[in-house]
Amino acid sequence: MLPVLTPIADPGTHPAPFFKYQALDTKTVTLPKGHQLAPDKRALPCDLVFEQDSAVLLRDGAKIYTDVFRTPQDTKVPAIIHYGPYGKVRLVSSQIPVDPTMLTCPRGYAIVNTDARGSFHSEGNINWIGQQQAEDVYDLISWVVAQDWCNGSVTMAGNSQLSMTQTNHAARCPHPALKCIAPWEGAGDLYRETTVRGGMPWLADFNKLIVQGYVGFGKADNPNAAIATHPLFDKYWEDRCVPIDKIDIPLYALASYSTGLHTLGSVRIFREAMTERKWLRFHLTQEWHDLYSVAAQEDLQRFFDFYLKGISNGWETETPKVRLSLLSFSGSPAKPVENRPETSYPLARTQYTTLHLDARTKHLIPAIALVGNAGYDSESPTDTLDFAFNFEHYTELAGYSKVKLWIQCDSHSDMDVVVQLRKIDKNGDLLVNVNYPVPVPAAEVPAISPVLHYGPQGALRASHAGTLNLTRSTAMEPFYDHDKSTPILAGAIVPLEIGLWPWGAVFEAGEGIMLRISGHNMNTKELALLPDASPENHNKGRHIIHTGGEYDSHLCIPIV
């Protein structure tokens, strides 16, 4: 289906203060050993050939532009492609994971940074995944392997949109020269994972900012704006949903719990890809912090060396299929788990444990509660209904949780419902996880998603509950088609099943969890420059949660 297009700022007039316009300037220069892009940037450890603004002709006649970094030796080398809309030379880009100073010079790879169709000087309109983007990448790879410096082997790397570009191409029309992919921290379903979670418009301010940050001479597909004309999952959203199960080349997926954007999609890439040659690593920090660490770069190097250079380094035989990490949370006596080898995800030994909501005590309890009810103001940006549970012994949670609620609203024919799991200390106080080392206490850290993690969430618009797809659902993962909306009878008590994103945490004896229920997104905002969170729902009045008896509202958690 045709994109919903929005004009974007051209390179010469973009208002962002951090943007620095660079005119199209096709040239090849040799950057000498010791060269620095800026005084605070890493110096080159060797001479480097820089091919700037090389034009690539696509099958429909449009041109896109690349920057190539390679060593000046005559030896042919494999290529690592980054393909995205944020600027191949933009100094603030944090989605290009392969640093030329770490992989090009000392290790023999060419880096091909590409401005996607429609971005900067590349012609056309920016698109979000879909068939055309997959074909554009195919044509780009064909150009790369035809260069006299390329040995015919290509991979792709990157996170967020650059991750999505990889899986989209590998699923729809993989180029035979593409030997593997490294989709680190991405998504594959723009409706369910990014823009309309649970049928609710989600992160509207953040998604708006993404489009406002684009630079080019055309327009951009705008999924955020598409919600107005495509509120349900239709052909528009189907085109922007990657058929992950068709991926049949080796892949190395990366996931973290800290992101409010990528956790679910990152895990789905690993679980659903057809290939048996796939690996998943969870890390404990924020995605950009892990991305540029020496350990992460060296691990990625081993993966690339095995598939692009044929180096027998034991990648397939020695690398655990899953490396699991579990958060401890700031101020907790529990010790985090890092890179624990596992054979699958979710873990086969998981013991799914049901805890029942007790509206009378606001606790989660092992047995079905007595009949009761409690509510919250669904229109409030802060009000929540909370239920707590403390573990008697050391406990680990890893995987998917699910909530079933019996819920009522007397004043409206629909309900937007959000649930969240939080870690609490032995006194019942909420804990936060600081996602990377900082020089100040957790209480002084800005409340934004890259820095602070609260816990996993799930969301559902009640009028979409009837689209539950039993074939695609599992016991812990309800899957909704979201292809129709059926109003809820005001005053009726209705059941809702809400799946939460994957999570991993450790608990010492006495620590516990809190289930929070509300009508709004309870996580921190994604960036400091965004406005404070506001209810992205169409709720009215109070929501009443019924517990006990025939209305057994409960939470199921994955204990390992």
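Me: pLDDT is the predictor's confidence in each residue, on a scale from 0 to 100. What is the mean pLDDT of the protein, and what share of its residues reach 70 or more?
Reply: The model is a predicted one. Its mean pLDDT is 93, and 95% of the residues reach 70 or more.

Me: Where does pLDDT stay under 50, and how many contacts beyond four places in sequence does the model have there?
Reply: Residues 90–95 are the stretch in which pLDDT stays under 50. For these residues the model has 20 contacts beyond four places in sequence.

Me: How do you know whether the radius of gyration of the protein agrees or disagrees with that of a compact globule?
Reply: For 560 residues, a compact globule would have a radius of gyration near 24 Å; the value for the protein is 24 Å, so the two agree. Along the principal axes, the C-alpha trace spans about 75 × 50 × 45 Å. The protein contains eleven helices and 28 strands.

Me: What percentage of the 560 residues in the protein is buried, and what does the accessible surface of the protein come to?
Reply: Buried residues account for 61% of the 560. The accessible surface comes to about 21600 Å², and carbon and sulfur atoms hold 54% of that surface. Of the contacts with a separation of 6 or more, 76% are between residues 24 or more positions apart.

Me: How far apart are the mean positions of the positive and negative charges of the protein?
Reply: There are 48 positive and 61 negative charges, and their mean positions are 2 Å apart.

Me: Why is helix H8 called largely enclosed by the rest of the structure?
Reply: Helix H8 covers residues 263–272, and eight of its ten residues are buried, so the helix is largely enclosed by the rest of the structure. The buried residues are Thr263, Leu264, Gly265, Ser266, Val267, Arg268, Ile269 and Phe270. Their cover includes helix H3 (161–172) and helix H4 (190–195). It also includes strands E8 (178–184), E10 (251–256), E11 (278–283) and E12 (322–326).

Me: What is the phi of His482, and is His482 buried or exposed?
Reply: His482 is a residue other than glycine with a positive phi, near 55°. The residue is placed in the loop between strand E23 (457–461) and strand E24 (493–499). At 3% relative accessibility His482 is under 20%, and therefore counts as buried.

Me: What kind of peptide bond joins Tyr345 and Pro346?
Reply: Most peptide bonds are trans. The bond between Tyr345 and Pro346 is cis, with omega about -5°. Pro346 is found in the loop between strand E13 (337–342) and strand E14 (351–358).

Me: Why does Ile448 count as buried?
Reply: Its relative accessibility is 14%, under the 20% limit, so Ile448 counts as buried. Ile448 lies in the loop between strand E21 (433–434) and strand E22 (452–453). Its C-alpha atom is 5.0 Å from that of Thr524, 76 residues away along the chain. Beyond four places in sequence, Ile448 touches Thr524, Lys525, Glu526, Leu527 and Ala528.

Me: Why is Gly549 called partly exposed?
Reply: Gly549 has a relative accessible area of 42%; because this falls between 20% and 50%, the residue is partly exposed. Gly549 sits in the loop between strand E27 (542–547) and strand E28 (554–559). Beyond four places in sequence, Gly549 contacts Ile368, Ala369 and Val371. Gly549 and Ile368 are 181 residues apart in sequence, with 7.1 Å between their C-alpha atoms.

Me: Why is Glu392 called exposed, and why is Thr395 called buried?
Reply: Glu392 has a relative accessible area of 67%, which is over 50%, so this residue is exposed. Glu392 lies in the loop between strand E17 (385–390) and strand E18 (395–399). Thr395, in strand E18, has a relative accessible area of 9%, which is under 20%, so Thr395 is buried. Leaving aside residues up to four places away in sequence, Thr395 touches Ala505, Val506, Phe507 and Ile559. Thr395 and Val506 are 111 residues apart in sequence and 5.9 Å apart from C-alpha to C-alpha.

Definitions and conventions
Residues numbered from 1 in each chain as written. Predicted model: local features only at pLDDT ≥ 70, side-chain atom pairs only at ≥ 80, totals over all residues. Heavy atoms only, no water. Buried < 20%, exposed > 50% of the residue type's maximum accessible area, 1.4 Å probe, protein only. Helix = DSSP H or I, 4+ residues; strand = E, 2+ residues; numbered from the N terminus. Contact = heavy atoms within 4.5 Å. Rg over C-alpha atoms; globule rule 2.2 N^0.38 Å. Areas by Shrake-Rupley, 256 points an atom, 1.4 Å probe, with all protein chains shown as cover. Lys, Arg positive; Asp, Glu negative; His and termini not counted. Charge placed at Lys NZ, Arg CZ, Asp CG, Glu CD.
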